[in-house]
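Subject: The two-chain model, handed over

Hi,

Here is the structure I promised you. Have it open while you read, and my notes on what turned up follow below.

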Amino acid sequence: MLNYTLRRLGIAIPTLFVIVTAAFFLMRAAPGGPFDAEADLEPEVLENIRAAYDLDKPLVTQYWLFLSRAVKGDFGPSLVYKDFTVTELIAIGLPVSITVGLLAKLVALVLGGLGGIIAALRQNSLLDHTLMGLAMTGIALPAFVSAPIMALFFGLYLKLLPVAGWNDGAPANLVLPVVALALPQIAVIARLMRGGMLEVLRSNFVRTARSRGLRESSVVFRHVLPSALVPLVGYLGPALAGIMTGSLIVELIFNLPGVGRYFVQGALNRDYPLVMGVVIIYATFIILFNLLSDLAYAALDPRVRKSYR
Amino acid sequence: MAAVIECQGLNVRFRTDDGAVTAVSDLDFSLNPGECLGVVGESGSGKSQTFLAMFGLLAPNGSATGSIRYRGTELLNAPRGALDELRGNRLAMIFQDALSGLTPTMRVGEQMAEVLVRHQGLTRQQARARVIEALEVVRIADPERRYAAYPFEMSGGMRQRVMIAMATLCRPEVLVADEPTTALDVTVQAQVLRLLDGLKRHTGTSLVLITHDLGVVAGLCDRVLIMYAGRAVELGPVRDIFRRPAHPYTRALLRSMPGLGIDPAEDLPVIPGQPPDLEHLPPGCAFASRCAHVVETCRVTRPALLAVGADHARACHLPA
């Protein structure tokens, strides 16, 4: 198991290198440059700026410079957010995105998981149909619709919660973004959980467990749940990495200083160092959470555990 | 001698998209203390559903009416809590498919210990000792190590022996074995049957053996219940049934038993026709359409299960 983890982490380094390299050259292959939006600059001024950021050097040299700095955690200065290094921008934004994203995932897991379990145990009942109907609504309702409506209702009309803003992560400011982000995920998780449960509830071993007079809670939590969680784990791996990007719309609507906007703005502005910074962080998250999800499979299923040698 | 299990007027029905299917109709039988009752019939004869109903394990679209009592306590449609006190404890069942009967994500020993913790209030540690003992009884080598094994690490025969050990942990009064050897190869079958026989002899457990193998019945059982299309067609002591089968279906079954020195393709008589559609059972005898001796009454009136000898009954209109 430890060997397996170490091997996977070993593979992660070349993977990351390939991603970073591809991102670097693809970014440069795109037409336009970081200073195109500036008002008509004198050619000499532009040349000076480009030289200041090493953009006048051959591409391979730039790539080498970038790599040698990146391994030390230095992604260079942002070309658009002046006076900020990329590392600083990420250090400010990432905790915000992670706080909101993780809380939302947690809420979604608890509510969606419970909802899915209950719906499966009461399959085809009114409760099941109601829960799954709500889940469909949740999936169909995008955050850019639900978020403004909630802000309007709870913020402006009832005046219970702040309409927007980060306020150093005050609990009241977190509620609406977390709920807006969690809603569609509750729905997805509830449906995955219900499907997984129904599949397992039909198994012979569940019938034999019941034939032994075990309490329903033991049957559900000890015999059914470990196998029923498998589809959910497959979803959660990549979805957890999405904490960074998935919150873009919610961060914009609630005016949170997260990293979501850097993905879009960085790419549109050709802010090369910023894009490289977020790509590296995102790729690391993807690799890490996929590994975690594979390890979770192993924790749930002894057969998988055995195959990880 | 009061019966341990008393089944009266049992009906099991399933709702399907095409209408109601009757799996068991108007079934009466009893199980005496310490006896082994063989329940024989082909697939779809209702033998498994009868006992699934007794254990409250019918599929969600199934329902049972009538009565199955354990020492006077009604089991049919009993509340879950009351049923859970009995099943796995006083009443135990071994299922046909040993390969998929154990929870794949739990250690075998822990699944067994769970039963003792539930029904006898033992601690995990006390339960562990009892489980290891029980694994020894069913001749699982190195039980200490096997306690921590997962089902996929065991062979089919081993898993079936684990199922037997698990079913008998609480020394049940009634053990229902539903085709316990079907999924196993022949050498393992013999081991499992010996184990069940020993159990019956040493513990006084009443055994119900659901099977379609008449050879197994002859070797192990005291009485036999022959079922056809959800009905009892003949019930009696093994010796009487084998020597003087009183129902044409039983006779046909016995004739179609393969013996040594017979080329099955050549000589084995088959029962012509198919069992009736359980959605549209005929008004008369369910076997009428396949019976060589059928008379007019058979197609019109359903025969009752009537005595033809001491403790021996059959459901047939023909003269005995």
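In what order do the eight strands of the open sheet in chain B come? The order is E6-E7-E8-E3-E9-E10-E12-E11, with mixed pairing.

Some ground rules before we go on. This is a predicted model, where local features need pLDDT of at least 70 and side-chain atom pairs count only at pLDDT 80 or more, while totals for chains, interfaces and linings use all residues. Residues are numbered from 1 along each chain as its sequence is written, chains are lettered from A and ligands numbered from 1 in the order in which they are written, and side-chain values use heavy atoms, with hydrogens and water left out.

Two strands pair if DSSP finds at least two bridges between them.

**The eight-stranded sheet of chain B**

At the edges of this sheet stand strand E6 (91-94) and strand E11 (306-309) of chain B; each has a single partner strand, so one side of each is left without a neighbour in the sheet. From one strand to the next, the twist averages 20 degrees. (Angles run from 0 to 180 degrees between N-to-C directions, and axes are lines fitted to C-alpha atoms, for helices over the stretch in contact.)

E6(B) and strand E7 (residues 174-178) of chain B run parallel, joined by four bridges. Contact here means heavy atoms within 4.5 Å. Helix H7 (residues 186-203) of chain B lies across E3, E6, E7 and E8 of chain B, and runs at about 165 degrees to E7(B).

**The four-stranded sheet of chain B**

Chain B also has an open sheet of four strands, in the order E2-E1-E4-E5, with antiparallel pairing.

- Strand E1 (residues 5-16) of chain B pairs with E2(B) over nine bridges, in the antiparallel sense. The two form a hairpin with two residues between them. Thr16(B) stands opposite Gly19(B), and Cys7(B) has Phe29(B) as its bridge partner.
- E1(B) and E4(B) are antiparallel too, over eight bridges. Asn11(B) has Thr65(B) as its bridge partner, and Phe14(B) has Gly62(B).
- E4(B) and E5(B) pair in the antiparallel sense over two bridges. They form a hairpin with two residues between them, and Arg71(B) in the turn has a positive phi of about 45 degrees. Arg69(B) stands opposite Glu74(B) in E5(B).

**Over to chain A**

Chain A has 14 helices and zero strands. Its C-alpha atoms fill a box of roughly 85 × 60 × 30 Å, taken along the principal axes. Of its 309 residues, 44% are buried (under 20% relative accessible area, with exposed over 50% and partly exposed in between, using a 1.4 Å probe and protein chains only).

One helix pair is worth a look. The axes of helix H4 (residues 86-121) and helix H13 (residues 272-300) of chain A come within 10 Å and cross at roughly 40 degrees. H4(A) and H13(A) are therefore oblique to each other (under 35 degrees counts as roughly parallel, over 145 as roughly antiparallel, 65 to 115 as roughly perpendicular and the rest as oblique). The contact involves residues including Leu89(A) and Ile98(A) of H4(A), and Gly277(A) and Phe285(A) of H13(A).

Is Phe285(A) buried or exposed? At 16% relative accessibility, Phe285(A) counts as buried. Phe285(A) and Gly32(A) are 253 residues apart in sequence and 29 Å apart in space, C-alpha to C-alpha.

Happy exploring!
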